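Welcome, and thanks for taking a look at this chain. Below is a short tour of its build, its charged pairs and one surface patch.

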Amino acid sequence: MSSSTSSSEDPARWARFVRRLLGTAATLVVVVYAFIALVDPWGMLPLRLPLPRETVTTNQRFSYPMLARDPRFDSVVIGTSSARLLRPPELDQAFGGRFANLSMNSGTAWEQSQILALFTRSHPAPRTVLVGLDMVWCESGPLRRLTPRPFPDWMYGANLWRGYAEILNPFAAEEAGKQALAMLGLARPRYGRDGWADFLPDDARYDAPRAAAGLVPPPSEPAPAGTPVFDFPQHALLAERLAALPPSTRVLLFLVPYHVSLQPQPGTLEERRWAACRRDIAAIARARPGTILADFMFPSSITREGTNYWDPQHYRIGIADRLVRDLAEAAAGRDTPDLRIIVPPAR
């Protein structure tokens, strides 16, 4: 073969190689995309395999929309990690109904409002709605919408077909793999099918001295002269979400029980801010009939005792069950030693 013939064949050989390479890559992309779409790791796409799905994604912002749409539930808990330990079976027994706990780690007030809005659209007449109110509901200043954790807007909207444009990425492929393994019984879900999980260390390994070392009051700023003005833009979201609920829905708002080391100290700016926050939320509760506001955020047998806590914000699992019992008392219009009713149920 002459050198001229060999030279003329080289471009054609390279062209065939490139076509095959591109064809293989395109086939792989199509296969991966089809796998993600059929497995549907978050249970949100309109067309998917008719198989039960588990909550496989650590970020609850992806895992919980599926549960918020689930018709098995008629009641819900919304909050941050300070409300995550409330167990749905205990709530079912105390309040009646079928609860999902959709509290998000570090969830902003805006993110919480989005999951509540989604639950309400999917359940037009919820039986009971519990909202655990912590520091994110008493932040003053501009509204903080998101955290460093990704938030999938498309899962919270009405047009789920949009999801097909959102799932071709390595993260979705990884989560689809986890979901496939969970479907086959080869992997454990991140959370229960009611959203609950004990996210704290094993209580048998509780180290009281280590926990006590973390219960130190943070630096506080003395209250200024006069009356400070605080702006709570997230309260408008709360009022909007509560107004969207039908009158038949029982709503119980509750300030969560931080350890006393994290509660506002007398004479400080924080005390003024929390007092203003309580007043505003109480006004929102009174504006919607059937809404109760209860308060665990004061020195009590729960919040004074360091051995009840892993850290200033997170109580132990046994305390969570006590809170459920106290919340049931609040729903009946009764204070307890560890809970005060600010806005009682309508008579």
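A residue is called buried under 20% relative accessible area, exposed over 50% and partly exposed in between, using a 1.4 Å probe and protein chains only. This is a predicted model, in which local features need pLDDT of at least 70 and side-chain atom pairs count only at pLDDT 80 or more, while totals for chains, interfaces and linings use all residues. Residues are numbered from 1 along each chain as its sequence is written, and side-chain values use heavy atoms, with hydrogens and water left out.

**Overall build**

The protein chain has 10 helices and eight strands; these are DSSP runs numbered from the N terminus (helices H or I, at least four residues; strands E, at least two). Its C-alpha trace spans about 95 × 45 × 45 Å along the principal axes. Of the 347 residues, 48% are buried.

Helix H8 (residues 234-243) packs with helix H9 (residues 269-287) at an angle of about 20°, their axes lying 10 Å apart. That makes H8 roughly parallel to H9, a label for angles under 35 degrees. Axes here are lines fitted to C-alpha atoms over the stretch in contact, and angles run from 0 to 180 degrees between N-to-C directions.

**Charged pairs**

Side chains of opposite charge can pair when their charged atoms come close. A search of the whole structure finds 16 salt bridges, each a side-chain nitrogen of Lys or Arg within 4 Å of a carboxyl oxygen of Asp or Glu. Here are some of them:

| Pair | Closest N to O |
|---|---|
| Lys178 and Glu174 | 3.9 Å |
| Lys178 and Glu175 | 3.1 Å |

Asp74 counts as buried because its relative accessibility is 16%, whereas Arg98, at 43%, is partly exposed.

Glu174, Glu175 and Lys178 are linked in a network of salt bridges. Lys178 and Glu174 are four residues apart in helix H6 (residues 170-183), so about one helical turn separates them. Glu175 is buried at 2% relative accessible area, while Glu174 is partly exposed at 46%.

**A nonpolar patch**

Which residues form a nonpolar patch on the surface? They are Leu38, Leu49 and Leu51, with about 240 Å² of accessible area together. Patches are made of residues with over 30% relative accessible area and no salt bridge, joining like charges within 9 Å and nonpolar side chains (Val, Leu, Ile, Met, Phe, Trp, Tyr) within 5 Å. Accessible areas come from the Shrake-Rupley method with a 1.4 Å probe; for residues, only the protein chains shown count as cover. Leu38 lies in helix H1 (residues 3-39) and is partly exposed at 44%.

Definitions and conventions:
Angles under 35 degrees count as roughly parallel, over 145 as roughly antiparallel, 65 to 115 as roughly perpendicular and the rest as oblique.
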